[in-house]
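Subject: Structure handover

Hello,

Here is the structure we talked about. Please load it and keep it open while you read the notes below.

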Amino acid sequence: MQTITTTDALAAFCARAAGHPYVTVDTEFLRERTYYSKLCLIQLAHPGEDEDSAVLVDPLVEGLSLDPLYDLFRDPGVVKVFHAARQDLEIFFVDRGVIPAPLFDTQVAAMVCGYGEQVGYETLVRKIAKAEIDKSSRFTDWSRRPLTEAQLRYALADVTHLRVIYEELSERLDRTGRARWVEEEMGVLTDPATYRVDPDEAWQRVKTRTNSGRFLAIVRELAKFREVYAQTRDVPRSRVFKDDALVELASTKPTTEKDLGRSRLLLREARRGDIADGILAAVKAGLETPPEDQPRPDRTREQQQVNPALADLLRVLLKARAERENVAAKLIASAADLDAIASGERDVAALNGWRHEVFGAEALMLCEGKVALAAKGPNVVTVAL
């Protein structure tokens, strides 16, 4: 095993990798004590059996620049292969604003190829690479040094077996004509908006049972303060205050530190100092928000006139088509998609792109009364009306 600790060594590996059609990539990171993920290790491999074809990169070494890796990520001639790429991509985007392209996510590809929903890496290693992964190092603190031989081997296995998995899935996608399906799915992962967090919109992630404009205005201001505070100090949101405390604060509307002291859910360190000041200012701003500027909850789902019977028929059709095409049903359409279609909405992902070919076209005909569902032996088929 080679562990890269210098920029020159990283540049040499990336130069070799640039001569191959793909490179497999994985990371190890920690996020329990920070807002942003702390990158602790990078694993890289390109095709080949020699020792230099797979390496570990230690980003915690002082003076090591990742510039050669980012240049490789930008190289259009080399496919960057990840498994469940989203968190890895977020790290690189936050660090340098770089999103590897072209991109291939083996988890998405496995869903398209019939391996189930959100299939794990270990499952693919067992089913495709015919190997087993030693799980003893799974819960490693990757920020500690030195790492043991077992930990390093565990980390490297995340990219060595990935080569076999990628080649098998890629070949299968080409053979079945489904490579385009995976390319469409990569659109979300390669969109910078996927990794940007707007503090002004943070309130929409908070679950509340109240639709009062004033209440939501306070929730919005509190969520915005928490997001900015957590980002600037690189601490988890929950270390500032948790969602249940946020909702409590929006309900009790504290105006003094003494009021904060009566909170049941607020962390003790949040009842004074900078966090307390921020909470009180946020509550004040929320209370003073004019009615016309108060947030309005998304009542789209509430207003949907869902036809339950039609939604059930769509579920049957989805299950049948997912089984016929050997594709994970969840990848084709979610329960919310089906309800939206049954209520008459047509701006739904399940009705576009490859999903339209597999499911959406027949779903629309079912909604319009042009086809019915029927059992034909063990299969569910559509019958023209």
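Helices here are DSSP runs of H or I with at least four residues, numbered from the N terminus. One caution before the rest: the model is predicted.

Start with helix α6, which spans residues 149-176. Arginine 175 and glutamate 171 form a salt bridge there, with 2.4 Å between the closest N and O atoms. Why are these two residues separated by about one helical turn? Because they sit four residues apart in α6.

Domains next. The assignment gives three: domain 1 covers 2-195, domain 2 covers 199-288, and domain 3 covers 301-384. The centres of domain 1 and domain 2, taken over C-alpha atoms, are 37 Å apart.

How many residues of each are in contact across domain 1 and domain 2? Five residues of domain 1 touch eight residues of domain 2. The size of an interface is often given as the accessible area lost when the parts come together. Between domain 1 and domain 2, the buried area is about 540 Å². Carbon and sulfur atoms give 51% of that area. On the domain 1 side, the residues touching domain 2 are two nonpolar, one polar and two charged. Salt bridges between domain 1 and domain 2 number zero. Polar contacts do turn up: four residue pairs across the interface of domain 1 and domain 2, with both residues at pLDDT 80 or more.

One annotation to note. UniProt, in an unreviewed entry, marks residues 212-293 as "domain: HRDC". That span is 66% helix and 0% strand. The C-alpha atoms at the ends of residues 212-293 lie 13 Å apart.

Now arginine 324. Arginine 324 is in helix α14, residues 308-325. Its side chain makes a polar contact with the side chain of glutamate 325, at 3.1 Å. What else does arginine 324 contact, leaving aside neighbours within four places in sequence? Val358 and Glu362. Glutamate 90 is another matter: arginine 324 and glutamate 90 are 234 residues apart along the chain, and 35 Å separate their C-alpha atoms.

Last, the backbone. Some points to look at by eye:

- Alanine 101 to proline 102 is a cis peptide bond, with omega near -5 degrees. Proline 102 lies in the loop between α3 (86-96) and β6 (103-105).
- Arginine 145 to proline 146 is also a cis peptide bond, with omega about 0 degrees. Proline 146 is in the loop between α5 (121-129) and α6.
- Lysine 130 is not a glycine, yet has a positive phi of about 55 degrees. Lysine 130, too, is in the loop between α5 and α6.

Best regards

Terms used:
Residues are numbered from 1 along each chain as its sequence is written. This is a predicted model: local features need pLDDT of at least 70, side-chain atom pairs count only at pLDDT 80 or more; totals for chains, interfaces and linings use all residues. Side-chain values use heavy atoms; hydrogens and water are left out. Domain bounds come from an automatic or database domain assignment. Contact means heavy atoms within 4.5 Å. Buried area is the accessible area (1.4 Å probe) that two parts lose on being put together, summed over both. A salt bridge is a side-chain nitrogen of Lys or Arg within 4 Å of a carboxyl oxygen of Asp or Glu. A polar contact is a pair of N or O atoms within 3.5 Å; within protein, one must be able to donate a hydrogen and the other to accept it, and residues adjacent in sequence count only if both atoms are side-chain atoms. Ala, Val, Leu, Ile, Met, Phe, Trp, Tyr, Cys and Pro count as nonpolar, Asp, Glu, Lys and Arg as charged, and the others, Gly among them, as polar. UniProt positions are given in the numbering used here, feature names are shortened, and annotations may be inferred rather than shown by experiment.
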